[in-house]
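Visitor: I have the sequence and the coordinates open. Please pick one part, take a close look at that part, and tell me how the rest is arranged around it.

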Amino acid sequence: MNKSESIKELATALNKAQDAMGGAVKDAKNPFFKSSYANLSSVVEAIKQPFADNGLSYSQFPLTEDGLAGVETILMHISGEWIESKLLLPTTKKDPQAAGSAITYCRRYGLQAVAGIPSEDDMEEWITEWYMESFEEINSGKDGTPRAPPMWLAGRRWYDRRQQKIDEAESLE
């Protein structure tokens, strides 16, 4: 990682942006692994407005080094401060499709990392597990059922998604 001499204003702006961001929605399917993942569009959607509102922008450049393919991601602030990071991966084949796949993968994960956002399901699982384990003795309601993490911890988007899941489950009963 490289950075400008100071990142004070960038760090303040990123902190404010992260407060406004939720996780990236896992809206794409991987049929090979039978799993869902947050595609690049979902990551961009999660950061777009919070970045704009706080004077942040990013740029990503494809690169190859020593047989690896990936991207350099640069996070910039209107003050001129910046942070850059490279993410490179080996490719299974030495052809344009393999390089393109590695670059797309690195764009998604590089941007997610520099923005500091998880995929929503990852965030939901982590918050729930951490909260339940850390506060086991105090997190149960009077009837013994687990309570949700407090809003300040989980964030509004997480709370709204959880309530939507509860409502959907109750409508099926």
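Guide: Two strands count as paired when DSSP finds at least two bridges between them. Keep that rule in mind, since the part to look at is the sheet. The model is a predicted one.

Start with the layout. The protein chain holds 6 helices and 6 strands. Along the sequence they come as β-α-β-β-α-β-β-β-α-α-α-α. In the chain of 173 residues, 33% are buried. Take contacts between residues at least 6 apart in sequence: 48% of these join residues at least 24 apart.

In general, strands of a sheet pair through backbone hydrogen bonds, in a parallel or an antiparallel way.

Take β4 and β5. β4 covers residues 56-65 and β5 covers residues 68-77. The two strands are joined in the antiparallel sense by 10 bridges. Leu56 faces His77 of β5. Ser59 is opposite Ile74 in β5. Gln60 is opposite Thr73 in β5. In general, side chains along a regular strand alternate between the two faces of the sheet. β4 and β5 make a hairpin, with 2 residues between the strands. Asp66 lies in that turn and has a positive phi of about 50°.

Next, step across to β6. β5 and β6 also pair in the antiparallel sense, here over 9 bridges. Val71 stands opposite Leu87 in β6. This pair of strands forms a hairpin too, with 4 residues between β5 and β6. Gly80 in the turn has a positive phi of about 100°. β5 is mostly covered, with 8 of its 10 residues buried.

Stop at Ile83. Ile83 is a residue of strand β6. The relative accessible area of Ile83 is 13%, and buried means under 20%, so Ile83 counts as buried. Setting aside residues up to four places away in sequence, Ile83 touches Met1, Asn2, Lys3, Ile7, Leu10, Thr73, Ile74 and Leu75. Two of these names have come up already: Thr73 is the residue opposite Gln60, and Ile74 is the residue opposite Ser59. Ile83 and Ser4 are 79 residues apart in sequence, yet their C-alpha atoms are 6.5 Å apart.

Two helices belong in the picture. Begin with α3. The buried residues of α3 include Ala98, Ala102, Ile103 and Cys106. Further along α3, Leu111, Val114 and Ala115 are also among the buried ones. Arg108 and Gln112 are on that buried list as well. After α3 comes Gly116, which has a positive phi near 75°.

α3 also carries an aromatic pair. The structure holds 1 such pair. The ring centres of Tyr105 and Tyr109 are 4.5 Å apart and the ring planes meet at 40°, so this pair is tilted. Tyr105 and Tyr109 are 4 residues apart in α3, which means about one helical turn separates them. Tyr105 has 38% relative accessibility and is therefore partly exposed. Tyr109, at 34%, is partly exposed too.

Gly22 sits in the loop between α1 and β2 (28-30). Gly22 has 10% relative accessibility, so Gly22 counts as buried. Gly22 and Ile47 are 25 residues apart along the chain, with 8.3 Å between their C-alpha atoms.

Conventions:
Residues are numbered from 1 along each chain as its sequence is written. This is a predicted model: local features need pLDDT of at least 70, side-chain atom pairs count only at pLDDT 80 or more; totals for chains, interfaces and linings use all residues. Side-chain values use heavy atoms; hydrogens and water are left out. Buried means under 20% relative accessible area, exposed over 50%, partly exposed in between (1.4 Å probe, protein chains only). Contact means heavy atoms within 4.5 Å. Rings of Phe, Tyr and Trp (its six-membered ring) pair if their centres lie within 6.5 Å; planes under 30 degrees apart count as stacked, over 60 as edge-to-face and the rest as tilted.
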